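Have a look at the sequence and the 3D view below. Then use this short briefing to find your way around.

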Amino acid sequence: MKDDLMQEHHDLLSGLVRLHVLHHAALQEIYGQWMIEELAEHGYRLSPGTLYPMLHAMERKGYLVSRKERDGRVWRKYYQITEKGLEGLAVAQRHLGELIKETMKRNPQGDSL
Ligand SMILES: [Zn+2]
């Protein structure tokens, strides 16, 4: 997705990006740069200036927990999902499932995605 489109619809998409982060943090520890690359594979172009504050906020809200580890010359911050994060992810999955079913049924363009 183009940067400007991503920016224009940031409020709509940011929840999806957070869920994507939670999903991966549930599977394995993640760190910022890895997550940026993973999101890019799905067409989300996020700069560190957008993703890092998002990760910090998710930690502050109790969805993620971090630890720092030295990787060569740099300190890397690794994030893992918390109990609250798992709970949030499960709730979101139910809602996403319903939303997908409904939006596929009522796609105004009439084409399937
Ligand atoms: Zn992914």
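Let's start with Ala 92, which sits in helix α5, residues 83-105. Helices (H or I, at least four residues) and strands (E, at least two) are DSSP runs, numbered from the N terminus. Keep in mind that this is a predicted model: local features need pLDDT of at least 70, side-chain atom pairs count only at pLDDT 80 or more, and totals for chains, interfaces and linings use all residues. Residues are numbered from 1 along each chain as its sequence is written.

**Ala 92**
- Ala 92 and Ala 26 are 66 residues apart along the chain, and their C-alpha atoms are separated by 14 Å.

**The overall layout**
- The protein has five helices and three strands, in the order α-α-β-α-α-β-β-α from the N terminus.
- Of its 113 residues, 12% count as buried.
- Its C-alpha atoms fill a box of roughly 55 × 30 × 20 Å, taken along the principal axes.

**The strands**
- β2 (residues 64-71) and β3 run antiparallel, joined by eight bridges; strands pair if DSSP finds at least two bridges between them.

**The nonpolar core**
- The largest nonpolar core has 11 residues, including Val 21, Ile 30, Leu 64 and Tyr 79.
- Such a core is a set of buried Ala, Val, Leu, Ile, Met, Phe, Trp, Tyr and Cys residues joined through C-beta atoms within 7 Å.
- α2 (10-27), α4 (48-60) and β3 each supply at least two residues of this core, and α2 gives the largest share, three residues.
- In soluble globular proteins, nonpolar side chains tend to be buried together.

**Ile 30**
- Tyr 79 in β3 is the bridge partner of Ile 30.
- Leaving aside neighbours within four places in sequence, Ile 30 is in contact with His 24, Ala 25, Met 35 and Tyr 79; contact needs C-beta atoms, placed from the backbone, within 7 Å.

Terms used: Buried ≥ 20, exposed ≤ 12 C-beta atoms within 10 Å, placed from the backbone. Contact = placed C-beta atoms within 7 Å.
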